[in-house]
Amino acid sequence: MCGIVGYVGPRESQDILVAGLARLEYRGYDSAGIAVIDENGSLGMRKRAGKLARLREALETDPIGRGTTGIGHTRWATHGGPTDENAHPHLADDGRLAVIHNGIIENFAELKRELVAEGVEFLSETDTEVAAALIARAYRANDGDLVAAFRAVVHRLEGAFTLLATHEDHPGLVVGARRNSPLVIGLGEGENFLGSDVAAFVEHTRHALAIGQDEIVAITPDSVTVTDFDGNPAEPQPFEVSWDASAADKGGWSSFMAKEVSEEPEAVANTVRGRIHDGQIVIPELEGLDDLFTGIDRIVILACGTAYYSGLVGKYAIERWARIPTDVELAHEFRYRDPIVDASTLVVSISQSGETMDTLMAVKEAARLGAKTLSICNTQGATIPRESDAIVYTHAGPEVAVASTKAFVAQITALYLLALHVGRVRGSLDAASAADSIEQLEELPEKIQWILDNEQERTEQLAHWMADTRSVLFLGRHVGYPIALEGALKLKEISYIHAEGFAAGELKHGPIALIEPGQPVFVVVPSPRGAATMHAKVISNIEEIRARGARVIAIAEQGDSAVMPSADEVLRIPLASPLFEPILAVVPLHIFAMGLATAKGLDVDQPRNLAKSVTVE
Ligand code: M6R
């Protein structure tokens, strides 16, 4: 939901801003723009509807003067369609002030009426231009003090915002503010950066500061000043970015998604690494925090989209190993239904970005109600972990493609680590189960790699043949059910094909009516060894849909011969205990969705209407 970058320093800012936007484009790609104070002290601005390439063309044909202070924005439209006029930056103060924004200013209509009554004219339909006009008015009232203008304006804004501004009276200064929306600082030598996330500046510096909620930041080439909204000094939290710029490059792959699927083994391995000591799960981030797990009688998992599906898988592991009743809920549904949580509830949020507004708001609500909070997150310096009592990071590395893949397997891995950790702390896990589970976890990366090496080509071929398919169904039972949901979401998201995931047992309660001759149905088949009863039931489900003409593509473990006569195609996964199968079974589904979207000639990294990080409710 919009990428933001700011730069002050000795270098040509245009190049730095555009390179930063290229790395942030996954956050939104409806339009892009930059504003730079040039060497003559004039503010130059270019913005274009469409992807960043259109802005690049505009800058080539109509360059801005050279300058070393600037701000840049890549947009996911909220107020007003993706047009040149609605693109950011927005100008005010006779074109001398430029403002960019991520989030939604909920009271913008009322503020706009006030400004229109004063004679202010607006060129766009955005809420951002209202903020720009307010900052301009406050700037004049505060004798040209941009930071003071921010302090005056932020109190009037409701909703979520990250705002950055630069004014031609102040070359060498960029001012920002954040509420419920991300902003981090990159510390350089004689130069400083601001970004929605560290990707904006990681090629220049890995030293970063996380800005707290309701804070204002001013950067110059040699200084960084952070205060709260009233001007009291604030302490931003320093952190080192654990990956370098090359980790966020395509590195020769045809798409970020292809690269990220190939990194699924590594994402799991890195999430496990350093968390097993002497045959026991030890999560260093949770040391000294046993209280979080001992005084509780319930866990509530909150997340959205793919992260929610990982939570559905995690529930099985937590209930099995930690023996705590666990509910999984969509974060946006939780917040508005007067939820019953208290100090005996541990709320576990899951978010790749750590910025999903629905999840953030749900976590805050849970904390307000007295629950303990723990976040599983992939992004350092993000807001949700900072709002939580404890953090378990997934170490999947930067995920750029909008469709989440490697983060999903890393999230399930982290949930399993958590379940084993809590099981040990609460004494509910016997040593043999713990040892077996740890061994299974450690074997996962190699098994995922086996799927990539042995089944990727065939799965892509299948996707190619199915490029004209109009609808695909996905079935699973137990931990296979969330995998069916994930398979369907991935296909919808990047190939725009109708897809639905169902619990296999639910089929005869309605969805079987959808089956007609030729209907493709993916079925996640449980292991005949570890889950014989469920296996038999799923084979029966396959027979039921085949009898009605479905074309069945089974995902089944190697050596499962019972599936052979029933399915039209079988994609194989290595042997694993039932609880560990989802991390394997999802891999062919990720490959399939990517293969089908590619066969349709679609942009798998930047599907229509979506953004990677959903920072509005
Ligand atoms: O950053 P988060 O994990 O909080 O994001 C949650 C969802 O928006 C995300 O998983 C979304 O569903 C993906 N695009 C799915 O591939």
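Helix H9 supplies 5 residues to the lining of the largest pocket, the most of any element. Helices (H or I, at least four residues) and strands (E, at least two) are DSSP runs here, numbered from the N terminus. This is a predicted model, with pLDDT of at least 70 needed for local features and 80 or more for side-chain atom pairs, while totals for chains, interfaces and linings use all residues. Residues are numbered from 1 along each chain as its sequence is written, and side-chain values use heavy atoms, with hydrogens and water left out.

To stay with the pocket: the space in it is about 650 Å³. Its lining has 30 residues, and Cys304, Gly305, Thr306, Lys612 and Val614 are the closest to its centre. H9 (305-322), strand E19 (345-351), helix H11 (357-368) and helix H15 (480-495) each contribute at least two lining residues. On a 1 Å grid over the protein atoms alone, a pocket is an open set of points with protein on both sides within 12 Å along at least five of seven lines; a cavity is a set where a 1.4 Å probe fits but cannot get out; lining residues have an atom within 4 Å of a point. Grid points are joined across faces, edges and corners, and a volume is the space filled by probe spheres set on the points.

Next, the cavities. The whole structure has 3 of 30 Å³ or more. The largest holds about 90 Å³, and among its 14 lining residues Cys2, Trp76, Thr78, His101 and Gly103 are the closest to the centre.

Now strand E2, residues 31-38. Ile37 sits opposite Leu43 in E3. The two strands form a hairpin with 4 residues between them, and Gly41 in the turn has a positive phi of about 85°. E2 also runs antiparallel to strand E4 (residues 67-75), joined by 8 bridges.

Last, the packing. A nonpolar core is a set of buried Ala, Val, Leu, Ile, Met, Phe, Trp, Tyr and Cys residues joined through side-chain atoms within 4.5 Å. The largest has 95 residues, with Leu374 and Phe522 making the most contacts inside it. Another core, of 32 residues, lies apart from it and includes Phe122 and Leu163.

How values were computed. Buried means under 20% relative accessible area, exposed over 50%, partly exposed in between (1.4 Å probe, protein chains only). Two strands pair if DSSP finds at least two bridges between them.
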